[in-house]
Every structure is written in structure tokens, then in C-alpha cells.
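Hi,

Here is the structure I promised to pass on to you. Have a look at it first, and then read my notes below.

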Amino acid sequence: MILPAGFILSAAEGVRAGQRTMEEAIAEWVDENESEDPDLRDIYDGVYGYLFHVRWVPIATDITGGKLILDHREGDRFGNVLYGLHAGDTEGPVKVWESLSHMFRDLLVALSEGTEIRLPSYADPVTPHLTSTGSDVFVRWE
């Protein structure tokens with residue numbers, strides 16, 4: 001399923017691989033930076049280098065490498081859907097939805113009613129349009 005802004009949802013194996021990649025990136029970042037400051041493991045509320053947290057689960061990727069992430073950190077942010085993780089980011093991901101159910105509800109409304117949706121929340125809104133080629137039908141977001 002292609003989401004607005006060119007996001008493609010990951011299959012189960014892609015989610016597992018994304019989580020492993022996140023853990024490996026954390027280990028690599030800590031190895032490279034901890035010698036400069038032994039307290040790096042505690043900064044950014046457990047977020048390493050603005051880009052990684054062991055309790056973030058990437059669920060979709062866009063064509064630029066951006067990710068939709070399910071936040072599994074404890075507390076009021078648990079279950080939030082975040083957007084971010086571009087290489088070179090100097091800020092952490094931003095919240096786009098309160099939960100996966102909110103994300104899918106908004107997508108369902110946009111698809112069934114042809115209404116606008118923004119992904120990420122600061123991007124220009126897009127509207128779904130059905131397009132067909134031969135026997136194939138797909139959604140185009142404009």
C-alpha cells in the first residue's frame with residue numbers, strides 16, 4: 001500500500017529488519033561518540049544522535065529515506081506515529097498521528113470521501129485519485 005508523500009508500508013519482515021537496523025545504528029553511533037562523552041547514552045531521552053531509539057519501530061519509508069515510526073517508548077507518547085530519520089537531521093522525528101488507528105482512520109476518510117490529507121503534517125495537503133491502466137487500479141495522491 002502506498003501512502004501519501006510516496007510512503008510505502010513495510011511488510012512484517014521489513015519492520016523486523018528496520019528495528020534491527022535501528023539497534024545496529026544505535027550501537028555504531030554510541031561506539032563512535034561515547035569516547036567523547038560517556039553520558040551520551042542518557043541524552044535526548046534515550047534518542048541517539050537525534051535519529052535512533054531502540055523503542056522506535058520503522059513502519060514505512062518514503063523515496064527520500066524518511067520514515068514513519070511507531071513510538072514504543074513508555075509514557076504518553078506510546079503508540080504515536082512519528083515522521084523523520086533523514087540522514088543529517090538535527091532534530092528528532094515529529095509526531096504526525098496519535099496512533100496507528102488515527103493514521104488509518106484519516107487515510108480511510110481521505111480515500112472514501114476524497115478529502116485532503118497531510119503527510120507529514122507540515123507538507124502540502126494531497127487528495128487521493130483513482131487511476132487505472134488496463135486491469136490495474138491504483139491510488140495517486142495529488
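The notes below go through the overall build, the strands and the charged side chains.

First, some housekeeping. This is a predicted model, in which local features need pLDDT of at least 70 and side-chain atom pairs count only at pLDDT 80 or more, while totals for chains, interfaces and linings use all residues. Residues are numbered from 1 along each chain as its sequence is written, and side-chain values use heavy atoms, with hydrogens and water left out.

The protein has two helices and seven strands, in the order β-α-β-β-β-β-α-β-β from the N terminus. Helices (H or I, at least four residues) and strands (E, at least two) are DSSP runs, numbered from the N terminus. Of the 142 residues, 38% are buried; buried means under 20% relative accessible area, exposed over 50%, and partly exposed in between (1.4 Å probe, protein chains only).

Now the strands, where two strands pair if DSSP finds at least two bridges between them. Five of them form an open antiparallel sheet in the order β1-β2-β3-β4-β5. Its edge strands, β1 (8-9) and β5 (94-97), each pair on one side only. Within the sheet, β2 (residues 56-61) and β3 (residues 67-71) run antiparallel and are joined by five bridges, with Val57 opposite Leu70 in β3.

Strands β6 (residues 128-133) and β7 (residues 136-141) are also antiparallel, paired over six bridges. They make a hairpin with two residues between them, and Gly134 in the turn has a positive phi of about 65 degrees. Ser132 has Val137 of β7 as its bridge partner.

On to the charges. A salt bridge here is a side-chain nitrogen of Lys or Arg within 4 Å of a carboxyl oxygen of Asp or Glu, and the count comes to six. Here are three of them:

- Arg16 and Glu13 meet at 2.8 Å, N to O. They are about one helical turn apart, because three residues separate them in helix α1.
- Lys95 pairs with Glu98, their closest N and O atoms being 2.6 Å apart. Lys95 is partly exposed, with a relative accessible area of 42%, and Glu98 is partly exposed at 43%.
- Asp106 pairs with Arg105, with 3.1 Å between the closest N and O atoms.

Glu13 and Arg16 also belong to a salt-bridge network with Arg20.

Finally, Glu24 lies in helix α1 (residues 12-33) and counts as exposed, at 54% relative accessibility.

Best wishes
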